Amino acid sequence: MRVGVVTFPGSLDDSSALRAIRVAGGIPVPLFHASDDLKEVQAVVLPGGFSYGDYLRCGAISRFAPIMSSIIIAAEHGFPVLGICNGFQILCESHLLPGALTRNQGLHFVCTDQPLIVENNSTPWTSGYTKGDRLVIPIKNGEGSFQASTETLAELESEGRIVLRYTESNPNGSKNDIAGITNARGNVVGVMPHPEQAIESLTGPSEDGLTFFTSILHSMVGR
Amino acid sequence: MATIVVEVMLKPEILDPQGQAVAAALPRLGFTFAKEVRQGKRFEISVDGTPTAEQLADIERAAQTLLSNPVIESFRVKVEG
C-alpha cells in the first residue's frame, strides 16, 4: 500500500509523516510540490510546516502548486487525503474542506500535548478508533483557530463531520472546539494536531496518532 | 504608471486577535479614543498607464481567488495615481 507525502518549500513534518507510514506498515512515497505526478499512491498526506513561509495566508500559495491540481481532482473522486496542521490549512484554502484557520486567540504559538476526543471514526483515516476515544497528540501552531459561518458549523455538526474535538481546554479559540473535520464524502480529513508526532512512546506523548496511519492501510486493503 | 490597490479585511464576524492586541496597546501610549481596531492587508499592484476594464476584472478575480480568502475576508479594489 503506497501512501504519498507531499513536500512543499517550507514543509517541516514530511519526514515524520513518511516515517509514520512506514512504522504503520505502509510504503511511504515522497511527492514533490512542483510535479503533478502522484506516483500511483493510493492515499496522500499533506504534512505540517510553513509552506511558502505562510506568506499571504497559511496554505494560500501551496494551494496553487502543480501537485495540488492532481490532488484536488483525485479528492473530488474519493481519493483519501489527510491534511495535518499546515496540510489542513491547505485543504481549507483549496476548498476541499469548509472553513478557515486563523490566528490563534491570544496570539501565542501553541506547542503542547493536547487532549482530544474522537468524534467520527467512519473516515478511512480514523476507522481504527472508537467514537469517544480520548487521545493525547501534540499540537504546534500559530494559526489553528478554526472559523466558519454559523450555517457551515451547523452543517458540520448535524452531518457528524467533526472528526476530532479539543477537550479539557481549547488551545486556540477554534469554534465548537473543532480540532479536525472531514468533507461530505468522508475521504478528505484535516486535523490541526500532529498524529505523526505521536506514534512511539520514545519520542511522543503517546502512540495515539499511529492509528491514523494504520487506519488508512486497513481501509484501502478492504477496498 | 497607475497603482491598483486591493485592501483585504477580515469579515466583521471573524475574531481578529491582532487588531485586539493593537487596541489593547493604544491606551498604554495615552491614546484612549479607540473603541475597536481591525487589522487588514493592502496590496499595491503597479501597471503601465491607466488600468483597463479587463485588467480591473482580472484583479477582481485575483483578489477573490488568491489575495483574499472569501470564507473569512472581504476586499475592496481601487485605483490610485
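This is a predicted model: local features need pLDDT of at least 70, side-chain atom pairs count only at pLDDT 80 or more; totals for chains, interfaces and linings use all residues.
Residues are numbered from 1 along each chain as its sequence is written, chains are lettered from A and ligands numbered from 1 in the order in which they are written, and side-chain values use heavy atoms, without hydrogens and water.

User: Which three residues supply 34% of the area that chain B buries against chain A?

Analyst: Contact means heavy atoms within 4.5 Å. By that rule, 15 residues of chain B touch 14 residues of chain A. Buried area is the accessible area (1.4 Å probe) that two parts lose on being put together, summed over both; here it is about 1300 Å², with 67% from carbon and sulfur atoms. The 34% share, more than any other three residues give, comes from B:Leu15, B:Pro17 and B:Leu66.

User: Which side chains meet in a salt bridge between chain B and chain A?

Analyst: A salt bridge needs a side-chain nitrogen of Lys or Arg within 4 Å of a carboxyl oxygen of Asp or Glu. The count between chain B and chain A is 1. At 3.7 Å, N to O, the partners are A:Arg57 and B:Glu73.

User: How many disulfides does a search of the whole structure find?

Analyst: A disulfide is a pair of cysteine sulfur atoms within 2.5 Å. For A:Cys58 the nearest cysteine sulfur, that of A:Cys85, is 8.4 Å away. For A:Cys111 the nearest, again that of A:Cys85, is 10 Å away. Over all chains, the number found is 0.

User: Is A:Cys111 buried or exposed?

Analyst: Buried means under 20% relative accessible area, exposed over 50%, and partly exposed in between (1.4 Å probe, protein chains only). A:Cys58 has 7% and is buried. A:Cys111 has 60%, so A:Cys111 is exposed.

User: What is the phi of A:Cys85?

Analyst: Most residues other than glycine have a negative phi. A:Cys85 sits in the loop between strand E4 (81-84) and helix H3 (86-93) of chain A, where helices (H or I, at least four residues) and strands (E, at least two) are DSSP runs, numbered from the N terminus. A:Cys85 is buried, at 5% relative accessible area. Its phi is positive, although A:Cys85 is not a glycine: about 55°.

User: Where is A:His95 found?

Analyst: A:His95 is not a glycine, yet its phi is positive, near 65°. Its place is the loop between H3 and strand E5 (100-102) of chain A.
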